[in-house]
Amino acid sequence: MKKFNIRKVLDGLTAVSSSSSAAQTGAAKENDAVPESLQSEHFQLCKTVRHGFPHRPSSMAFDPVQKILAVGTLNGALRLFGRAGVECYCQHDSGAAVIQLQFLINEGALVSALADDSLHLWNLRQKIPAILHSLKFNRERITYCHLPFQSKWLYIGTERGNIHIVNVESFTLSGYVIMWNKAIELSTKTHPGPVVHISDNPMDEGKLLIGFECGVVVLWDLKSKKADYRYNYDEAIHSVAWHHEGKQFVCSHSDGTLTTWNIRTPAKPAQIITPHGKQPKDAKKPEPCKPILKVEYKTTRAGDPFMVLSGGLSYDTVGRRACLTVMHGKSTAVLEMDFPIVDFLTLCETPYPNDFQEPYAVVVLLERDLVVIDLGQIGYPIFETPYPLSIHESPVTCCEYFADCPGELIPALYSVGSRQKRQGYSKKDWPISGGNWGQGTQSYPEIIITGHADGSIKFWDASALMLQVLYKLKTAKVFERARGKEEKANTDIVDEDPFAIQTLCWCPESRMLCVAGVSAHVIVYRFSKQEVTTADVQLLEVRMQSDLSNVDSPDAAGDQTPTQPSPPPPSPQESEPSATISTQASASGNISISLADGPRDNMPCLQVRISPLKQSPGYQVELVVQLVWVSGEPPQQITSLAINSSYGLVVFGNSNGLAVVDYLQKTLLLNLGTSELYSPSEPNQRHPCSPRKARHPSGAQCDSNDGPNAAEERCKSPNSGSNSPCNSDEERKAKFIEKVKYKSRRFSKTVSNDFARMSRKISSPNEQKPYSEWGTISSRKYFYYTHNGTSKTTRKSVELAFPATNSDHNMNSKDNSFSRSRSSSVASIDRESREAICAFCFCETFPRKLADASPSPCLLVGTTHGSVMLVGLSLPSGDQQRLLQPVGISSSGTVARLKGGILTTALLDAAGALLPASYQPWYDPNASDEEKEKEKSRWRRPASPPSSQDGHDSQFAVLCSERQAKVLAMPSQTRVYKHNITESSFVLRADVVEMAGANCIACFCANGHIMMLSLPSLRPLLDVNYLPLTDMRIARTFCFSNLGQALYLTSPTEVQRITYSQETCDNLQEMLSELFTPVETPEAPNRGFFKGLFGGGAQSLDREDLFGETASGKASRSLAQHIPGPGNMEGMKGAASGVVGELARARIALDERGQKLGELEERTAAMMASADSFSKHAHDMMLKYKDKKWYQL
């Protein structure tokens, strides 16, 4: 049976008592339902692209003809890179680490070897690569793979020292096996260890070089099936590299040495060098060094060969970063890397191993970066990476996604961001240039904003499934940095990363940016194309505190007897205790008051810089707002943030309450606890009931000498006038001013007049005023005398104490990984039980439940306990008045209550269309007055919402919490629709998004479900179990955007983009880039006349006759298991959906075929002409010598 709720009945009766429309039942309202165009057929969920650096890379391969780079990871992922914008992501189902990759050069295929002893053949000729074949070894562990150029036989080295051969076309094992006991000498008594290297002689394909871990290298003759030579060295081998002539090879060893061997002299190496070893005077051998993990030996026609190696540093270089060594002739260059080296490859002009290699670049895969070094320029500069690999430059702490942005935004951000690029890059083009861009029609601008742990903010161009950094903003420049540990401020509330971005709010139309950091600071930025130098950063300090500790427990009767007014307190000189009060001038000019050897008070967590701040074109600081310590308690981190450029207001909230700041006038308008937003008669209000004893440290804002009735006033809301000893506005105002005057005397005698000008207008709850301006507070400047007696403006600050609620514990869904407060455990429990502010929405709606009301600027406030309050804003008319007159603020009480914390709110018009927040179009604040007026003349203020006519509701308020969604009719505030999103889990992220010309609610739950609800009826449109919450990183970065787009941080270094649009899924094949493009394989090197005559050139080998089933027989079935892959079906799907791409490729192939046929005809005609000429000459010669004798010749 449904539970009867008398409160809802009373709300309905009081809301529209003069109208009978409020008495309509839910069934009657469904008759007037808003028509909705969105259906379930419009939605489908799928992944699109993945950006960023591969997380935990393990291996790398390069196709020198297609110019495609492949990177494997320890998680079993594959990332393929081509030209800028050409990226692809694949994943092995097993998730095993990728130990090695081998391209089938210019064949559009890739072989991957995994740590679970499986081989996989990937088809790269389709836009979404798929596995064609798999081979799982059962009795052998794979350690090394080698695939010769233009060969279909893959050599597999194992941990037991054996070598097996796989046919990559059929992915079946050959019967030909090289056993370890036959490769090594019979007199050897120990096992040689795993196979660490396999390669064939560049000049003789029938000779296979096998390197064992113990230091033994064997040159194996494939035809005779025996070892030709064996090369022994005392140190373990890590890698082997051939000279292109096939007469020498180089080995790298575990003692930091390089040994060069002539293939026909296996007795001893021809040369032994230690690149980084120190040669002692009295010793024959140099000091041992760290292992050389890899070496590559590349030759050039015009000069000395290149030898590139990683590792091998001396052991006395403790703490030195990883290095790559490039040895060219007599010069040795040591290139330090920022991170450990995983692998490197030398890029060469030719794919043929028996030709001069002509190296031009080195690709270095680091643990957290990808570096490409130019070998053709002096100093070996690096190439500028075109991929978005710097997402993790500092850990990502928050993320926002904006689709369908104004068209001029991306060029504006790119123009200011291009000046930030580093200099000294190579002037050559990026060498990894394979693939082609997609041919999709998705052309709307998309921007991604990421906030990072070092305080930086990055703007990314995410249009057309690409990602490119546009602009980087460093918020830490606003603050002073501690140079050493001894200078580190003791006011930090986090152990590390004090500048980390907590949340951000961005208005694309006005380009206003508001950022909240973990050190309880808010920074407001404006966008400008001109460089400025700011002499003093505008600073506003806010004292937000909770007085749970100052509220006594109620008596048994539940009533609290008000105390009578006491006479004014004596002068501070007479009443101050014996403790010393120290007034400290901070580096930024701020005055902080703290008790000597006592709790910190009125101190911000960070110090704003005092030196002039040079601000480059881009985002420039408008205002800095900092929360300060209160009586030894650190400020609570900011949980919600909003900015509105049309109103000129910023609002932020935390577990203590909310604050509204006017960033135009640089003043604090409102500083309230959550409980003060409730009306006294509301059943949702929660009263403070902490049993903790009051504390009154001298020097704190709330102490025992605060004046008359201080203890009582601290636990009363501004609109709780019934229990106050002073019931009139004038008396309350006089008492407030008297208290502020006394506090001002304690700070400085010169500021009392300024404090006296501040007033707090408190309205009685009995008066029905539409705008009771109890929250209108104008902050004034503080003037403090400096040492030389001159006055100096130091800060603007309004510090008000207010009570907060102590209610049942409710888990806040926005978990913050940076919350590491140093406060007591009792205070932590109190903070968890408070009702925090978690959602804001600036809008134009009806602040009153009146039928003839008109919409006006308002602020919707959501809390973690599910309450949604409405706050009215009274803005002065005119631009000049707006800068002079204060903004009026009035509370309209609670609008609704939902289960769980509020996540998002929005407004719809009567037709169900989204009502966007008003904004001020962008203008350059540093431009000339003429340009400003020209820009303002083009402003088109968004149309105001229609007013309520004939007593009917004209708006819908959409409210979504962690468990519920509700739609209210405005201004009657009656519930029209309700939907329980989840009962067993909770929603992590919810957004009202535009989709196919309509609007819906997009939800991501902690159990991995992604759901879509229609608006305004809240019909379920999509419910897919997509991704269970396995990491708080996903919860912190998951965000939806318009037009069916969403993203999240899938690893610390990668961003995964998804779509929930059926249209985008259908066109995805066309939008994705192509990896494989038809490219002709370069011609083989010319053998030359004498080499062809005397057999000095490269010798080929018919591997089919040697490794085929006829010659070698069948392999053991128990050795490996063949698993057919789904690649063929995926290829058919890709071909069916990618018709345009296939037709384009077919047209290119047809043109190439026609061109080749034309060339063939020309060659045929030339050969026929040559044959006719030869026949004619032969006939003439025959006639000439026909009748002559031999002695006549």
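Does Arg1103 count as buried or exposed, and what is the relative accessibility behind that label? Arg1103 counts as buried, because its relative accessibility is 7%. Buried means under 20% relative accessible area, exposed over 50%, and partly exposed in between, with a 1.4 Å probe and protein chains only.

The model is predicted: local features need pLDDT of at least 70, side-chain atom pairs count only at pLDDT 80 or more, and totals for chains, interfaces and linings use all residues. Residues are numbered from 1 along each chain as its sequence is written, and side-chain values use heavy atoms, with hydrogens and water left out.

Arg1103 meets Asp200 in a salt bridge, 3.3 Å from N to O. The term stands for a side-chain nitrogen of Lys or Arg within 4 Å of a carboxyl oxygen of Asp or Glu. Asp200 sits in strand S14 (residues 195-201) and Arg1103 in helix H16 (residues 1103-1107), 903 residues apart. Helices (H or I, at least four residues) and strands (E, at least two) are DSSP runs, numbered from the N terminus. Asp200 is also buried, at 13% relative accessibility.

The structure holds 29 salt bridges. One of them joins Glu36 to Arg1019, with the closest N and O atoms 3.0 Å apart. Glu36 is in the loop between helix H2 (26-30) and strand S1 (43-52); Arg1019 is in the loop between strand S58 (1009-1014) and strand S59 (1020-1025), 983 residues apart. Arg1019 is partly exposed, at 30%.

Lys152 pairs with Glu169 in another salt bridge, at 3.6 Å between the closest N and O atoms. Lys152 is partly exposed, at 24%. Glu169 is exposed, at 54%.

Finally, a network of salt bridges links Arg50, Arg79, Glu87 and Glu1054.
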